[in-house]
Amino acid sequence: MSEPTPRAAPAPAAFAPPSGRRTRTVLWHLLVAAVLVVVLYPVIWMLGTSFKPATEIVTSDRPWPLHWTSHNFPDGWHADPGVTFGRFFANSLTVSALAVAGTLVSCSLAAYAFSRLEFRGRSVMFAAMVATILLPYHVLIVPQYAIFKKLGWINTDLPLVAPKFLATEAFFIFLMVQFMRGIPREIDEAARLDGCGPYRTFLFVVLPLTRPALITSAIFSFLWTWNDFFTQLVYLNDTDKFTVPIGLSLFVDQTGMTSYGPMMAMSVLALLPVFLFFLAFQRLLVDGATSSGLKG
Amino acid sequence: MRLRHTAAPRPAHPLRTLAVATTLACALPLTACGSGSGSSDGKVKLSFSWWGDASRAKATEAAVAAFEKVHPNIEVGTQYATFAAYNQKLATQIAGGGASDVIQIDWGNQSQYAQSHTLLDLSSGPGKVDVSGLDPKFAASGKEGSDQVAVPFGQTAQSIVVDETRLDALGVPVPKAGWTWEDLQTFAQQVHARSGGKTAGITDPGSTWPAFQSWLLQRGKPLYTADGAFGFTKDDLAGFWTFCTQLRKSGAATAANLTETVVSGPAEDPLAKGAAAAEWDYDSIYTSHVAANKDKLVLVPLPTVNGRTGMYAKPSMLLSVYARSKHPKEAAELVSFLVTDSRAATALGSSRGLFPDLVVRQQQGASATGADKVVADYEAAADSLLSATPSAPPKGDAQLITLMQRVYDEVSFGRQSPQDASASFMQQAGQILEQ
């Protein structure tokens with residue numbers, strides 16, 4: 001995530017005139033800044049629009065408002081009858097937190113089994129597990145819906161959360177398996193000689209060394225759940241159980257006026273947790289990658 | 001050397017306990033939250049799902065509350081989403097066997113759901129709904145063969161929304177009912193000329209599938225035949241597009257890049273931007289046009305051919321009872337209430353188009369104000385101009401709406417002639433209909 005700053009090969013000052021190098025650095029930074037503006041334009045537009053009055057949104061092309069208003073935030077917060085956006089945030093946080101917890105616990109256990117333990121049918125099961133990554137979601141949704149309907153789980157958080165505790169996220173298992181395979185077996189062996197069984201080896205040896213993979217999985221699991229729309233739409237029926245993505249979708253009315261101002265205001269708020277989550281964890285990610293304890 | 005771990009003999013390991021606990025935690029609610037239709041307090045619990053936005057949510061909740069007041073033994077839980085999301089969700093629910101008791105459906109999906117026997121016949125049996133208060137021709141729009149699989153939940157009709165303020169400023173008179181396509185051409189060219197080329201007379205209707213339907217009906221041809229095939233030929237479509245192309249090339253209709261924005265809804269279309277003085281749309285969208293526009297807007301019937309407008313009473317949406325509903329009788333009572341009771345009409349307002357029951361509609365029209373009054377007056381005046389409501393469109397209609405937009409883009413951007421484009425449309429559309 002660091003900004004690329006190309007340096008000319010460290011040459012003695014006498015050979016590289018400093019003015020030429022500075023020009024190049026300035027040019028490079030200008031170029032990077034220009035690309036950044038293009039990339040960030042939608043975000044800037046969203047931020048600006050969230051402070052625009054309704055009439056200005058469709059009539060003006062300028063990304064920032066002429067007349068500032070903060071009405072969009074309370075309007076968006078109270079847009080739906082009988083429930084505030086705070087409720088949607090609480091629901092989304094619950095679902096996302098449980099999904100992260102479930103993914104970490106179950107996928108690391110499964111990955112440990114696939115990478116370290118030997119059992120009958122391991123390679124077949126591993127292949128089957130990887131194959132599930134290839135299944136398009138829309139193939140699964142109807143049979144899944146039928147199962148959850150039979151279980152009486154419709155209109156609860158369970159269809160969104162329970163599968164995560166059963167290691168159904170094959171992608172994360174695969175990621176962790178690959179990572180665990182990179183941990184030298186000698187470390188396990190040393191643990192075994194010290195009297196650790198498979199559980200303790202997992203808990204005290206393999207798991208701490210897998211931290212970077214765990215953090216990567218946590219970040220992606222959080223992002224995917226936080227931004228997931230369709231699963232949450234299908235399984236949640238009552239307005240007070242809705243999550244943020246469904247809440248945001250309610251602003252879009254096909255036939256009538258789409259309330260862009262409130263929608264953008266709530267989108268800005270919806271991005272905050274994602275941003276903070278990433279900010280908090282990416283430090284750990286870098287940290288974990290450099291201190292994985294795998295010295296010669 | 002490989003380590004071979006065997007299953008641990010220790011029975012009560014903390015991690016294993018955790019795993020077991022997790023599994024149990026997942027399984028527990030199995031018994032805790034059983035299926036929702038249980039009636040511990042003796043009340044029948046119905047579910048009702050529909051699409052719309054927050055303002056329609058308020059109106060619908062009020063109508064449901066009025067129903068619960070009349071039927072204290074029934075409790076109705078509602079669920080809603082926006083149109084596209086709702087249809088995806090409904091398709092999943094129906095495939096998975098878990099749709100609501102009462103479902104709002106789009107006319108375009110009616111035959112598809114009816115053919116898979118997911119909609120209860122409301123003409124007889126436990127789920128009988130009395131539709132005698134509705135115009136029989138309009139009520140028939142919910143029929144598939146002899147089965148009444150749905151009841152229309154709001155009426156709309158085709159119209160031209162006209163910006164009166166702008167026309168006054170330009171000194172162009174507002175078109176009158178009974179005008180022809182030639183009149184439209186003259187009118188639109190006048191607007192273009194007098195505005196100095198800034199405003200087109202009309203948003204190019206060439207990409208609008210239902211506008212083409214009315215064009216056909218005026219010439220005595222249906223869009224679809226009774227068995228779901230096309231009722232028109234390639235030349236009919238080419239004729240429509242040639243007319244639109246003439247308009248566009250003279251500046252009387254909007255340019256391609258503006259026409260494209262019609263799909264994004266009234267707030268962003270050429271009429272709201274002041275780039276067109278008139279636009280084809282359903283009258284149920286009039287309120288949204290008014291909200292998006294500072295100018296005074298009026299509704300004018302479509303241009304005619306030999307006095308025929310090709311307009312018809314279209315169900316803006318319909319109500320059905322799910323075939324697997326456990327309470328068909330109560331579900332049918334809710335449907336009846338929503339389409340015939342004046343208390344429902346009061347609560348619903350005009351958010352779904354004109355109220356289905358004729359007597360109640362008249363009362364509602366008499367007391368309407370503002371934009372609602374304009375629509376009610378327009379429909380009352382247009383009533384004698386309406387053709388018979390065709391039967392429900394075949395499966396694939398929704399795809400044809402987008403196909404029409406896509407293929408017409410080729411014409412309006414000048415990449416294809418109307419003839420070539422209509423041949424290409426017929427070929428692609430044929431494949432969609434055969435699916």
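This is a predicted model: local features need pLDDT of at least 70, side-chain atom pairs count only at pLDDT 80 or more; totals for chains, interfaces and linings use all residues.

Modeller: Residues are numbered from 1 along each chain as its sequence is written, chains are lettered from A and ligands numbered from 1 in the order written, and side-chain values use heavy atoms, leaving out hydrogens and water.

Colleague: How far apart are the end C-alpha atoms of residues 201-226 of chain A?

Modeller: UniProt, in an unreviewed entry, lists 201-226 among the "transmembrane region" spans of chain A, and such annotations may be inferred rather than shown by experiment. In the model that span is 96% helix and 0% strand, helices being DSSP runs (H or I) of at least four residues and strands (E) of at least two, numbered from the N terminus. Its end C-alpha atoms are apart by 33 Å.

Colleague: Is A:Val35 buried, partly exposed or exposed?

Modeller: A:Val35 lies in helix 1 (residues 18-49) of chain A. Buried means under 20% relative accessible area and exposed over 50%, with partly exposed in between (1.4 Å probe, protein chains only). A:Val35 has 47%, so the call is partly exposed.

Colleague: Over in chain B, which residue of strand 12 is the bridge partner of B:Gln104?

Modeller: Strand 3 (residues 102-105) and strand 12 of chain B run antiparallel, joined by 4 bridges; pairing takes at least two DSSP bridges. From strand 12, B:Leu319 and B:Val321 point one way, B:Leu318 and B:Ser320 the other, and all are buried. The partner of B:Gln104 is B:Leu319.
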